[in-house]
Amino acid sequence: MPDRAGAPPRVWQRMLSGRRLDLLDPSPLDVELEDIAHGLARVARWNGQTSGDHALSVAQHTLVVETIVRRANPGMSAEGLLATMLHDAPEYVIGDMISPFKALIGGEYRTVEARLLSAIHRRFGLPAILPPGLVQKIKAADMIAAYYEATVLAGFTQSEAIRYFGRPRGIDPKAIALDPWPAQAAEARFRARFEEIAADLARPPAAAVNDAARI
């Protein structure tokens, strides 16, 4: 309900950077890396139902997925890795809804999520809509990460995890960071890796063109 009678419903989110992001019509100009890193480091995966002293954050999950993408796809371009770092970026605004709840509320959530992701992509020089092949690679890595998070941290049995996320292949769980980090560490590590990839993306055009063929 509005704070005062007759006030319109608020459809924007005020960010700590000072930006005001409109959820219905998000502008790339209102998207900042510092807000994404800060927000994702404080959004819990699995509704916080994970073992350990800290929640497993979406920021840490993103870094796990990026590690898997690199290991599964040697030579992945900087554009592809940047897209991987942003695959859950809308959750810095709308939170990480668990899959069962997304299924219940239907298409409206997906519409808002897609608009946000499009604006985020454009803010960082990516296509508003990614190539299907790249989306599939990121999704495959996301499912592997979900399997290990579910079985190591969230109390799933192996049979339950296989049913919902598939059986992971080719990735050693010891190679990925599953021990949940404090929010400040997750934020710093997310931002550092993002900036490292963005620096690769800013290389001379000739090198960038060669890499783009590998997406």
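Reader: How are helix 3 and helix 9 oriented to each other, roughly parallel or roughly antiparallel?
Author: In this predicted model, the axes of helix 3 (residues 78-85) and helix 9 (residues 183-201) come within 9 Å and cross at roughly 155 degrees. Angles over 145 degrees count as roughly antiparallel. Helix 3 is therefore, relative to helix 9, roughly antiparallel.

Reader: Which residues of helix 9 make the contact with helix 3?
Author: Helix 3 passes helix 9 in a left-handed crossing. From helix 3, the contact uses Ala78, Glu79, Leu81, Leu82 and Met85. By class, this contact has 9 nonpolar, no polar and 3 charged residues. On helix 9 the contact residues are Phe190, Arg193, Phe194, Ile197, Ala198, Asp200 and Leu201.

Reader: What covers the buried residues of helix 9?
Author: Helix 9 has 19 residues and reaches 27 Å from its first C-alpha to its last. Its buried residues are Ala185, Ala186, Glu187, Phe190, Arg193, Phe194 and Ile197. Their cover includes helix 1 (33-40), helix 2 (58-72) and helix 3.

Reader: Is the crossing of helix 2 and helix 3 left-handed or right-handed?
Author: The axes of these two helices come within 9 Å and cross at roughly 150 degrees, so helix 2 and helix 3 are roughly antiparallel to each other. The crossing of helix 2 and helix 3 is right-handed.

Reader: Which residues of helix 3 are in contact with helix 2?
Author: Helix 2 contributes Thr62, Leu63, Val65, Glu66, Val69 and Arg70. By class, the contact of helix 2 with helix 3 has 5 nonpolar, 2 polar and 2 charged residues. The residues from helix 3 are Leu81, Thr84 and Met85.

Notes: Residues are numbered from 1 along each chain as its sequence is written. This is a predicted model: local features need pLDDT of at least 70, side-chain atom pairs count only at pLDDT 80 or more; totals for chains, interfaces and linings use all residues. Side-chain values use heavy atoms; hydrogens and water are left out. Axes are lines fitted to C-alpha atoms, for helices over the stretch in contact, and angles run from 0 to 180 degrees between N-to-C directions. Helices (H or I, at least four residues) and strands (E, at least two) are DSSP runs, numbered from the N terminus. Angles under 35 degrees count as roughly parallel, over 145 as roughly antiparallel, 65 to 115 as roughly perpendicular and the rest as oblique. A crossing is left-handed if the near helix is turned anticlockwise from the far one by less than a right angle, and right-handed if clockwise. Contact means heavy atoms within 4.5 Å. Ala, Val, Leu, Ile, Met, Phe, Trp, Tyr, Cys and Pro count as nonpolar, Asp, Glu, Lys and Arg as charged, and the others, Gly among them, as polar. The expected span of a helix is 1.5 Å times one less than its number of residues. Buried means under 20% relative accessible area, exposed over 50%, partly exposed in between (1.4 Å probe, protein chains only).
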